[in-house]
Amino acid sequence: MKTNKFTNTFISTLLLGAATGASAAAFQLAEVSTSGLGRAYAGEAAMADNASVVATNPALMSLFKQNEFSAGGVYVDSRIHMSGPVRAKVLGVEVAQGSANHKSVVPGSFIPNMYFVAPINDKFAIGTGMNVNFGLKSEYDDNYDAGLFGGKTDLTAINLNLSGSYRISEGWSAGLGLNAIYAKAKVERTAGILDTAIDNVRTTPALQQQIAARAAAAGLPPTGLMTRLGGLGAQVEKGTLLTHLQDKAAWAFGWNTGLVYEFNERNRIGVAYHSKVDIDFKDNTALSYVPRGTSAYVGEGGLTLHLPSYWEVSGFHQLTDKFAIHYSYKYTEWSRLKDLHATYNNGQLAFHKDEGYRNNSRIALGVTYDLTEQLALRAGVAYDESAAGEHHSASIPDTDRTWYSLGATYKFTPDFSVDFGFAHLHGKKLNFKETQSLAGGLVAVEADYQSKASANLYGLNLNYRF
């Protein structure tokens, strides 16, 4: 069976990757609204600031007395820097060394949102919305020495939601939503240091002697080494694409639900749940180099991306006429990514790897102060655990992060308001190693990484009631 390397690279990059510093753990995104951004998304399952409740807890729609529309987004300015050496070895003999240093791995990106809530009567309300729950994007230069681990990675999962709520009693409300997820994925990997490694082996007699001795000790044929290296030979340059995978239109479906209990008009708690979702990615023209060939191979294959379910418990308490506190605990079941399993279209096994993602928690605390009837100020802090266990990736390493947020809402009229938000995310420094075996294990490329991650987030939303 031919080994289509796109499977190995796509899975290990896409699933081990994380939008660190710009999101929640792994590649989950928290940026569903600007009002939430200003309080570090504290109290999301109990707050009813605007129509963004469609994305958090649909039961909160029962609190609305008028139709409401909200639209805007959050711009993410990430500062993620990687450093460390990268090495290539043939049968354990180091044949090349380079640099895995790269600044600004994640380009700036805009995360949009749009929501609408319509009360039908005192009991029923309906709503619809669009937001992005999961996504990541990282870009390394084409001549990056660790191109096998870096390259370009782009995943977007747009969530389209239709929800309804019902007021069960004076205190209790329930909501249910259906979600259609439209996903796109693109992955590219380059040869990187393999160019230098192969050239050094071809032109350095001392290296050839060391490798020949290792081959003899292992009982391997002393000749034909370059062919066994995968036929890459002199045609490979640092920027040569070894892997290209793209799926422009994958659909999946899920659901979400929520409950709200109002002790009184000043105090309430909420619970929200979002279901797991499985997305099937397919590419009939995935490009990769075959380890025993001399040209690119185009094969048919695919895998299922298992997105996690998550819970959130929140509280809201209006302590005075002007001052309120709100808080959240969020639990995401990332452990369903226990392993990665991909097959060819003919059903043959293409790749299997144990991963060990772990469930993670996020805690947040925020406050809101109504300075005037027109201006409300808010602030928040949050701590978000990493979901990665023993495995990390240059595309991008997941790490623990802390949020510091500020925000405001200004009412131009009783029915028209604008939300402003800012957050600074600080990620914990991380040291990890990535390795990749090629040519039946003859060649190994490894990189020792240190990552530093931070981000600034800027949000703006417009809200209108009618």
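Trainee: Which strands each supply at least two residues of the lining of the second largest cavity?

Mentor: Bear in mind that this is a predicted model: local features need pLDDT of at least 70, side-chain atom pairs count only at pLDDT 80 or more, and totals for chains, interfaces and linings use all residues. Residues are numbered from 1 along each chain as its sequence is written, and side-chain values use heavy atoms, leaving out hydrogens and water. A cavity is a set of points on a 1 Å grid over the protein atoms alone where a 1.4 Å probe fits but cannot get out, and lining residues have an atom within 4 Å of a point. With strands taken as DSSP E runs of at least two residues and helices as H or I runs of at least four, numbered from the N terminus, the strands you want are β5 (124–139), β6 (152–167), β7 (172–190) and β8 (241–264).

Trainee: Which strand gives the most to the lining of the second largest cavity?

Mentor: Sorted by class, that lining has nine nonpolar, six polar and no charged residues. Here Ala, Val, Leu, Ile, Met, Phe, Trp, Tyr, Cys and Pro are nonpolar, Asp, Glu, Lys and Arg are charged, and the others, Gly among them, are polar. With three residues, the top contributor is β6.

Trainee: Which residues that line the second largest cavity are the closest to its centre?

Mentor: About 120 Å³ of space lies in that cavity, where grid points are joined across faces, edges and corners and the volume is the space filled by probe spheres set on the points. Its lining has 15 residues, and the closest to the centre are Asn 133, Phe 134, Asn 159, Ile 181 and Val 277.

Trainee: Is Val 277 buried or exposed?

Mentor: Val 277 sits in strand β10 (residues 277–289). Contacts (heavy atoms within 4.5 Å) tie Val 277 to Ile 181, Ala 252, Phe 253, Gly 254, Leu 305, His 306, Leu 307 and Arg 336, ignoring residues up to four places away in sequence. The relative accessible area of Val 277 is 9%, and the cut-offs are under 20% for buried, over 50% for exposed and partly exposed in between, with a 1.4 Å probe and protein chains only, so Val 277 is buried.

Trainee: How much space lies in the largest cavity?

Mentor: The count comes to six cavities of 30 Å³ or more. The largest has 17 lining residues, with Ala 30, Glu 44, Thr 56, Glu 312 and Lys 330 nearest its centre. α3 (53–56), β9 (267–274), β12 (310–318) and β13 (323–332) each supply at least two of the lining residues, and the lining splits into eight nonpolar, five polar and four charged. The space in it is about 200 Å³.

Trainee: What is the relative accessible area of Ala 40?

Mentor: Ala 40 is in the loop between α2 (34–37) and α3, and its phi is near 60°, a positive value in a residue other than glycine. Tyr 41 is in the loop between α2 and α3 too, with a positive phi near 55° and a relative accessibility of 4%, so Tyr 41 counts as buried. Ala 40 is also buried, and its relative accessible area is 0%.

Trainee: What share of the 466 residues of the protein chain counts as buried?

Mentor: The chain's secondary structure comes to six helices and 21 strands. Of its contacts with a separation of 6 or more, 72% join residues 24 or more positions apart. The buried share is 55%.

Terms used. 1 Å grid on protein atoms, 1.4 Å probe; cavity = no way out; pocket = protein on both sides within 12 Å on 5 of 7 lines; lining within 4 Å.
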